[in-house]
Amino acid sequence: MKIIPGPASKQLGEKIAALLDAEAIPLVFKNYPDGESYVRLEGNVKNEETVIVQTTSPPQDARLLQLAFIADAAKRQGAKKITAVVPYLAYARQDKVFLQGEAVSIETIAKMLKAAGIDSLITVNVHQAKVLDKFPFPAKTVSAISPLAEHFKQRGFSGAFALAPDSGALWLVEEAKNVLGGECGYLEKHRDRYTGQVTTEKKSLNVKGTIVIIFDDIISTGGTIVLAAKIMRELGASNVYAACVHPLLIGDAEKKIMEAGVKEIVGTDSVPSHVSKVSIAPLIADALTKKGA
Ligand code: R5P
């Protein structure tokens with residue numbers, strides 16, 4: 001097996017290669033002055049099972065195209081089977097027509113990746129797993145919630161309350177609870193489909209004097225975490241932490257979250273950032289070596 005660390009996930013790809021004792025194929029990558037991407041493989045993947053590691057956090061369109069170009073280059077060299085490891089899968093949230101006239105963006109992305117030569121895909125905590133049924137090749141998602149919860153456990157947070165900021169994240173906190181051993185619960189969040197405005201209902205949860213860790217798949221603008229953190233502070237939580245798989249942290253998200261009383265944000269290297277304190281490399285290495293990957 002050969003691993004190609006894409007430009008968006010160079011370190012993660014190299015870590016995965018080291019864990020699997022596989023060769024990491026170097027890549028020449030550059031942007032032309034007009035912004036177009038250029039890639040060239042500096043190694044041989046002929047007749048090899050080839051894994052491309054490339055997250056598609058912003059700038060997501062460019063990173064998706066880079067992934068497609070790398071797959072095309074590998075295919076042309078004669079790669080046997082191409083697996084894309086895309087820890088953060090862009091456009092996964094647009095998985096149906098919410099308002100008349102919209103595109104199902106993720107379906108278009110899936111078809112594009114297939115056309116580029118990708119044979120299978122592994123992602124991490126995709127927003128809704130059922131979206132992967134739309135892919136024209138085998139696609140699976142693995143969960144980084146246990147490693148995130150384990151990180152907190154190692155730091156002495158056993159028994160902390162695991163909070164889902166919306167009902168969609170309930171299964172995430174059930175997973176976290178198994179590691180942390182405390183209680184878990186969720187809030188009800190509503191999003192206005194036209195304005196994007198999010199509101200969260202206050203609800204009585206027994207968190208007084210307790211450490212609360214809010215778990216979510218994505219932190220984008222930070223709005224979801226801010227609302228949840230404020231409610232936890234009002235309910236008397238002793239400290240509030242935020243854990244997420246994909247720390248996109250757009251604009252001043254981090255500042256807003258800290259101002260809402262969150263002590264620390266912990267993310268994974270699905271999206272490299274200064275809060276990426278947990279590596280998903282072991283999780284991916286394991287998924288790649290499991291049968292059917
Ligand atoms: C959506 O339901 C997701 O699970 C996240 O809660 C959401 O994407 C976070 O976005 P933001 O940080 O902009 O509130």
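I count a polar contact as a pair of N or O atoms within 3.5 Å; within protein, one must be able to donate a hydrogen and the other to accept it, and residues adjacent in sequence count only if both atoms are side-chain atoms. The model is predicted, so I take local features only at pLDDT of at least 70 and side-chain atom pairs only at pLDDT 80 or more, while totals for chains, interfaces and linings use all residues. I number residues from 1 along each chain as its sequence is written, and side-chain values use heavy atoms, with hydrogens and water left out.

**Ser-37.** I looked up its side chain and found a polar contact with the side chain of Gln-66, at 3.2 Å. Ser-37 belongs to strand β4 (residues 37-41); helices (H or I, at least four residues) and strands (E, at least two) are DSSP runs, numbered from the N terminus. I list Ser-37 as buried because its relative accessibility is 15%, and buried means under 20% relative accessible area (1.4 Å probe, protein chains only).

**Strand β1.** I checked both faces of β1 (residues 2-5) and found them covered. Lys-2 and Ile-4 are buried on one side, Ile-3 and Pro-5 on the other. In a regular strand, side chains alternate between the two faces of the sheet. I call two strands paired if DSSP finds at least two bridges between them. β1 runs parallel to β2 (residues 23-24), with two bridges, and Ile-3 is opposite Ala-24 there. β1 also runs parallel to β5 (residues 49-53), with four bridges; Lys-2 is opposite Thr-50 of that strand.

**Ligand.** I noted distances from ligand oxygen atoms to polar side-chain atoms: 2.5 Å for Thr-224, 2.6 Å for Asp-216 and 2.8 Å for Arg-93. The ligand exposes 380 Å² when taken alone, and the protein buries 91% of that (Shrake-Rupley method, 1.4 Å probe).

**Cores.** I take a nonpolar core as a set of buried Ala, Val, Leu, Ile, Met, Phe, Trp, Tyr and Cys residues joined through side-chain atoms within 4.5 Å. The largest has 38 residues, and Ile-16, Phe-152, Ile-213, Phe-215 and Ile-284 have the most contacts inside it. Helix α5 (residues 170-180) gives the largest share of this core, five residues. I also found a second, separate core of 37 residues, including Ile-52 and Tyr-88.

Definitions and conventions:
Buried < 20%, exposed > 50% of the residue type's maximum accessible area, 1.4 Å probe, protein only.
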